[in-house]
Amino acid sequence: MTNVAPAVGAAVADAHRREWASVLAATVRVTRDIDLAEECVQEAFAQALTAWRDGVPARPGAWLTTAARRRALDVHRRAAVAQRALPLLVVDEVAPEPWGGAGGRQPDDLLALLFTCCHPALTAEARVALTLRLLGGLSTPEIARAFLVPEATMAARLTRAKKKIAAAGVPFRVPVPQDVPRRLASVLTVVHLVLTTGHAAPTGAALVRDDLLARAHDLARLLRSRFPDDPDVAGLLALVLLTDARRAARVDPAGGLVLLADQDRGAWDAAMITEGRALVLEALTLRPVSRYAVLAAIAAVHADAPTFDDTDWTEIVGLYDVLAARWPSPVVTLNRAVAVGFADGPDAGLAALDALRDEPRLASYGYLAAARGELLRRAGRRDEARTALEEATLLTANDVERALLAERLASLEA
């Protein structure tokens, strides 16, 4: 038993990373109730810890879906939920109209759940948060950190979002074609945040969350297949590919973080870069120009540089200027300041960071302190750099990033 349990636990954990969203989406169709679906899926995973001791099924996702849906049907039968209360989600009894052209495919449960979470009845923040919870499987603390808000605030936001879905009778389906444009922006925001959270996990012992990156790939490609002419979709898929192309080079064999300047560019995924470049060129020719296309263009500049020293930082600063003018945010200002530090020197970068000195949304954002510490270190201001890096260490919840900061601090001491 003791020899089997660790293997079973690992198999269940792997299934959670890979299958959570699909199992939940399939269960929602049965329950028509998000909270109940979550409970049933969680029970299915708990049941797997015992049932899989006799062997892990060949198709873990199918096993979990069956277990969750059986539990949901049992709850409906015993409590007569469907007769006593209105459903939280309305599931069409007829098949939705095919869309996406003459050869358009029927939307699947996963895409239906994505659009349901991004319904206009919810605030923009709630849409993203709920989708990260339901499709990404993130915990409330992880989502709170991604949004730079307290955990209690995020918990309340998720609860309100589910109640709003119940009150609005939100249908569990992909919207009809004429309603898609106004719904797509929040869906793309969701996928982008899934990408960034998977690329640099806010918490935990690993830098990268492969499950979230896989989900970002899947959703971006799914959206691209449905909206082949949309500039935002093309730009987002380009950004996913060009960002994730560096994954293999971002950690060393021990799992430590390898900075961009030290990465083996031969380990970058050439096929992803080629596809991403083509999509960037396509997205930049479409109008209106997409925010994601500009972000992807920045990633393409990095991909085009044969070495770190060859990076065209002036072009990157110019692209961040476009972002700051049309889609301003504190994170854009921070990233632009880092680029300025490479283009014009650390003192110029520090001057650019001064604009964020009193920005409340970044008060607990470790990357701001880390960027300032690195610029101070390069400027030779060792004592100030030490203070900034110590602050960054306190604000960083990812073990791999914290270890790198500790190395930086040790190098200052040496």
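The following is a conversation about a predicted model.

Biologist: Which residues have the most contacts inside the largest nonpolar core?
Modeller: They are L113, L135 and L223, in a core of 112 residues. In soluble globular proteins, nonpolar side chains tend to be buried together.

Biologist: What is L135 in contact with, leaving aside its neighbours within four places in sequence?
Modeller: The contacts of L135 are W20, A21, L110, L113, L114, C117, R215 and L219.

Biologist: Which residues does the second, separate core include?
Modeller: That core has 21 residues, and L334, A369, L376 and L412 are among them.

Biologist: Turning to α10, how many of its residues are buried?
Modeller: Twelve of the 17 residues are buried, so that α10 is mostly covered. Among them are the leucines L212, L213, L219, L222 and L223, and also D211, R215, H217, R224 and R226.

Biologist: What span should α10 have, and how far apart are its end C-alpha atoms?
Modeller: Helix α10 covers residues 210-226 and should span 24 Å at 1.5 Å a residue. Its end C-alpha atoms are 24 Å apart, which agrees.

Biologist: What does UniProt list for residues 183-283?
Modeller: An unreviewed UniProt entry lists "domain: DUF6596" there. In the model, residues 183-283 are 61% helix and 2% strand, with the end C-alpha atoms 20 Å apart.

Biologist: Now the cysteines. How many disulfides are there?
Modeller: The count is zero. For C40, the nearest cysteine sulfur is that of C117, 17 Å away.

Biologist: Are C40 and C118 buried or exposed?
Modeller: C40 is buried, with a relative accessible area of 2%, and C118 also counts as buried, at 1%.

Biologist: Where is E38, and is it buried or exposed?
Modeller: E38 is in helix α2, residues 34-51. It is buried, because its relative accessible area is 5% and the cut-off is under 20%.

Biologist: What joins the side chain of E38 to that of K162?
Modeller: A polar contact of 2.4 Å joins them. Beyond its neighbours within four places in sequence, E38 is also in contact with W20, L24, R133 and L134.

Biologist: How does W63 sit in α3?
Modeller: W63 lies in α3, residues 60-79, and counts as partly exposed at 25% relative accessibility. Leaving aside neighbours within four places in sequence, the contacts of W63 are A44, Q47, A48, A51, W52 and P57.

Biologist: Which helices does α17 pack against?
Modeller: Its buried residues pack against α15, α16, α18 and α19. Those buried residues include L368, A369, L375 and L376.

Biologist: Is the peptide bond from R287 to P288 cis or trans?
Modeller: That bond is cis, with omega near 0°. P288 lies in the loop between α12 and α13.

Notes: Residues numbered from 1 in each chain as written. Predicted model: local features only at pLDDT ≥ 70, side-chain atom pairs only at ≥ 80, totals over all residues. Heavy atoms only, no water. Helix = DSSP H or I, 4+ residues; strand = E, 2+ residues; numbered from the N terminus. Expected span 1.5 Å × (residues − 1). Buried < 20%, exposed > 50% of the residue type's maximum accessible area, 1.4 Å probe, protein only. UniProt positions renumbered as here; feature names shortened; annotations may be inferred. Disulfide = S-S within 2.5 Å. Core = buried A, V, L, I, M, F, W, Y, C linked by side-chain atoms within 4.5 Å. Contact = heavy atoms within 4.5 Å. Polar contact = N/O pair within 3.5 Å; in protein donor to acceptor, adjacent residues only side chain to side chain.
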